[in-house]
Structures are given as C-alpha cells and as structure tokens.
Amino acid sequence: MEKNMDRTIITVVGKDTVGIIAKVCTYLSEHHINVLDISQTIVQEFFNMMMIADMKNSDKPFDQCAKDLEVLGEEIGVNIKCQREEIFQRMHRI
Amino acid sequence: MINIWEVNETNKMIEQENLDVRTITLGISLLDCIDSDLQRLNDKIYQKITSVAAKLVETGEEIERNYCIPIVNKRISVTPIALVGQSACRSAEDFVTVARTLDRAAKAVGVNFIGGYSALVSKGMTAGDEYLIRSIPQALAETERVCSSVNVGSTKTGIDMDAVKLMGEIILKTAEYTKENDSLGCAKLVVFCNAPDDNPFMAGAFHGVTEADSIINVGVSGPGVVKKALEQVRGESFEVLCETIKKTAFKITRVGQLVAQEASRRLGIPFGIIDLSLAPTPAVGDSVAEILEEIGLEYAGAPGTTAALALLNDQVKKGGIMASSYVGGLSGAFIPVSEDQGMIDAVEAGALSLEKLEAMTCVCSVGLDMIAIPGEVPASTVSGIIADEMAIGMINQKTTAVRLIPVIGKNIGETVEFGGLLGHAPVMQVNRYGCEAFINRKGRIPAPVHSFKN
C-alpha cells in the first residue's frame, strides 16, 4: 500500500442498535487499523457515524477491508462504506 | 480534519443526486501504426490499442472502489482514422476493415465505446478522407462500439460545403443501414465545427494530432447535484443563483480532477484535461432541463431559456476552472434531447422546437444533439441543418456539433427507443421548406473576417 494513501473514511449509516461501534472497532483492531477520529450523529432517526482510520499498518489490502466491513454491516443491519480520504479533502478543501 | 457533515454532503451527492464521473477516456495516437499494407495496418492498430489500454477498465474500477464514486464509462479515443488509414485504404471497404479492428480492440479491453473513426475536412477532402466518410454507414452498421465524427468547418478555415452536402447523404444512409434498430447508427455519428482535439465525450471523441502518444482525459458530470443545490436558493437573486452554481461546479470538478490524476498515476499515462460539461442521462434527477426549470422556467424552451442556459454554462466554467489544473474538451452544458428526461418532456409538451434548440446551442456546447427527426426528410434538409449549426460555431469561435437521427419509417410525434444512456426521443418536426439549391452549390464558405487576427 502507498504510504501517502493510508487515511480512510469509514461511514456507518443505519438503524441504531447495540454494539455497532464495538463491532466495527473490533474488526479494525484485529487488522491493525488505527482509529484517528470518530464522530457520530443521528440524522432523520438514523445512526450516522464517521471514522477516520489510518490503514498504514493494515494486514489486509484496502479492497478486502472494504468488502469485509460491508459484509459486517450487513450482519449488523447497517450500511458500512470505506472511502479514501482524498475525495473529501479535494471536494471540501482548497 | 474532514468532518461528518462534509462526508455526508459528498456521499449524498453520490448516492442521491447522481454525482458521477461520466467518463475516463484514454486517448491513443495511432500515427505510429501507419502502414501502406492494410493487413499490417490493422494488426498494428489492434496491437497498440490492446497494449496501451490493457489496464484501463481494471484501473477505472479500482478507483471507483477506492472512493465509492461511479465512473460510468471507460472509453478510448484514437487518431482520426482518415489520417491513419489513407496510405493503406484504397476504397471505402478498406476503411471498414479498420472499423472492425477498432471494434474488436474495444471489446478485447472492455471499453463501451471507441471514438476516432473520423475525418478532419474543414477546408477540403482528400481522396482518403472521402473514402472514410463514404464508409461510415457500413462501418457503423457492422460494428457495435465504434463512434465516428467528421469536422466540416472551423473559424480559421470556413465551412467545407461539399463535406456538408455529403454528410447530409451519409447521415440518411447510416439511418437506412441501421433502420432495424431505430436508425441507431446515427447516434454514433457527429458532424463538427471547431472540433477539439481532446474531447473525452462520445460520439465525438478523437485523439487529435496535436496530442501526446497517449493521454487521460476525464469528463465530469452532475446536473442532479446542481439542481439540488439550486432548490435551496429558490427565489433568490441572480447573484446568489450564480454563486451557488459556481460553488457546486467547483466541488464536482474537484472529484473529476482527483479521478483523472489517480487514473494517470496508476496507468502511468499523462493527465490531459478535465472536460467541465454538465452531461445529463435519461435518469430522473440527472437532467440539464430540470436545472433550467429550477432557475425559473416552466419548461426548457420557454422564453428565457437561452439566457438561463448562458448563465448556467458560464457559471459552471467559472466554478470548474479553478478546480482543475487543465480544462479542455467541450466544457459546456450538453442539451441532448433523448438523453435528458426534462428535454424529452419539454418536446412532448410542445415547449421545445428544433429552432429553439438551435438558438440554445449559440450559448452552450455543443449542438443539436440526439434529436430524432422523420426519416423521410431530404438529404439537402439534413445538410441545411448541419450548415446552420456549423455557421454558429464558425462565427462564434466555438465548437458546435450535429447528431441528428432521421428515423426511417417514423414520423412526427412517434417515439424512438435507443436504450441505456442514449435514452428515448420523440420524433421532432423539421421545417418543411427546402434548401436544395443552396446545398448544391459547390465549394466552401470562406473564413469569417474575425478569424484574421495575425
């Protein structure tokens, strides 16, 4: 993995339930992905979380993590999405 | 650091407002494939395209997954085949073999269109140019993914009226050759004035001779995002309206710039340009006409439409230019009828005529695009429509294009179905008075006085 492309935004959207953050964080820690920031809000009664994670030391490639988290999301009943941070940086910062 | 609101805003644009990157187009020069032997020419072309573009689709899909941004099309443009094929092709049939090779190469690398089955004849045609043009109906009927364009005029050279006359006949012949499919062949054929060398959008893309060996050009899109943003400023002043369009265009273009740079880096091919065009699709909420309605028109085509479109086009450019290091291609709002549900609705409501569409092309790119007309119109009328549109481009120093579909066997009010991104279109009325004597004059229209700037 490229060193300058390690920051990933993970968004979790769905119906609120017990243990969403715990399950996502467990997955991340198992694969040596460091969480840099978490923010959470409720939008139109939906659980809405965003994590900024550092995937520099991840033991799995980006595509695999994204797929795993998507499957994990399906198990919990939420939508989990991984995106490289640049798309947001480019759009919202000059 | 990026905050949750910014993340949500971007993802809402992608998930709910149809934000996408419309195309990554890989331009490939075929000048080094030129050969006097037809078989060798075809072999070299196939070899070059399939090696340079081998990883294009795979890389595009990887970028899509990394950023969760759809990249709708991965395409290829090549050097105008009239230039590449002239020394080998002695007939129109010879050129058709090259079209088949392009189609085969496109299928091998998995791109949905390959552009550049083209001739540049803005001042005159060589024998080879004419062979290529005459081969277009057969080439488009026999291939699936090949797109063709012919540049028949420019501000610097004037308009080659012999080519305009010929193209009227060729468009009708192409319609006839593909009549089983609602004359679909014509959807893959564009006639240009001032065609740009670096346009990433089909059907008019080709890789100009002024370009490097290979290059990545990206077309952005996002009419739905602009429409949603404008919903928030209903009733506000023109200043607020324009600022909102500019800011939105900036954001959309930044995504295009990111995708272009990433594709360039991953493929090891230089980044060319971003084309700042608002390109609609037939999907609801992805329409340029709906933006015009949001600006304040009952339907696209109502009085005020040309002004609203001029404003929209200009603000998109102003917002986009700062977001990208290189801007080029067509860069404007597209107003294709069949590919834009709002335009289709406007035609069906009787709000939008061919003449109003022509007026609209004076202030935006690109031209009379994806317009179905009755299949029984005379060739001279098709040429007349082309000549009018070329004159607008020549005098205004801008690109204009014509992509008309004379639908064989259908008449005004009937609908044609092209499917997919090409959409469906009501057959529109054409002025029934003739222009045959005008079109039958030989030669060319001289370059306009304001082209003499030296």
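**View 1. Domain 1 and domain 2 of chain B.** In this predicted model, the C-alpha centres of domain 1 and domain 2 of chain B are 22 Å apart. The domain assignment of chain B places residues 21-193 in domain 1 and residues 219-372 + 394-447 in domain 2.

**View 2. The side of domain 1 of chain B that touches domain 2 of chain B.** Contacts between the two domains involve 42 residues of domain 1 of chain B and 39 residues of domain 2 of chain B. On the domain 1 side, two or more residues each come from strand 1 (21-28), helix 3 (56-67), strand 4 (146-154), strand 5 (158-160), helix 7 (161-177) and strand 6 (189-193) of chain B. Helix 7 of chain B supplies the largest share, 8 residues. Sorted by class, this side of domain 1 has 20 nonpolar, 12 polar and 10 charged residues.

**View 3. Contact between chain A and chain B.** Chain A contributes 21 residues to the contact and chain B contributes 18 residues. Elements of chain A that give two or more residues are strand 1 (7-14), strand 2 (34-43), strand 3 (46-54), helix 2 (62-76), strand 4 (78-84) and helix 3 (86-92). Helix 3 of chain A gives the most, with 7 residues. The chain A side consists of 8 nonpolar, 6 polar and 7 charged residues.

**View 4. The fold of chain B.** Chain B has 15 helices and 13 strands. Of the 454 residues in chain B, 61% are buried.

Conventions. Residues are numbered from 1 along each chain as its sequence is written. Chains are lettered from A and ligands numbered from 1 in the order in which they are written. This is a predicted model: local features need pLDDT of at least 70, side-chain atom pairs count only at pLDDT 80 or more; totals for chains, interfaces and linings use all residues. Helices (H or I, at least four residues) and strands (E, at least two) are DSSP runs, numbered from the N terminus. A residue is buried if 20 or more other C-beta atoms lie within 10 Å of its own, exposed if 12 or fewer, and partly exposed in between; C-beta atoms are placed from the backbone. Two residues are in contact if their C-beta atoms, placed from the backbone, lie within 7 Å. Ala, Val, Leu, Ile, Met, Phe, Trp, Tyr, Cys and Pro count as nonpolar, Asp, Glu, Lys and Arg as charged, and the others, Gly among them, as polar. Domain bounds come from an automatic or database domain assignment.
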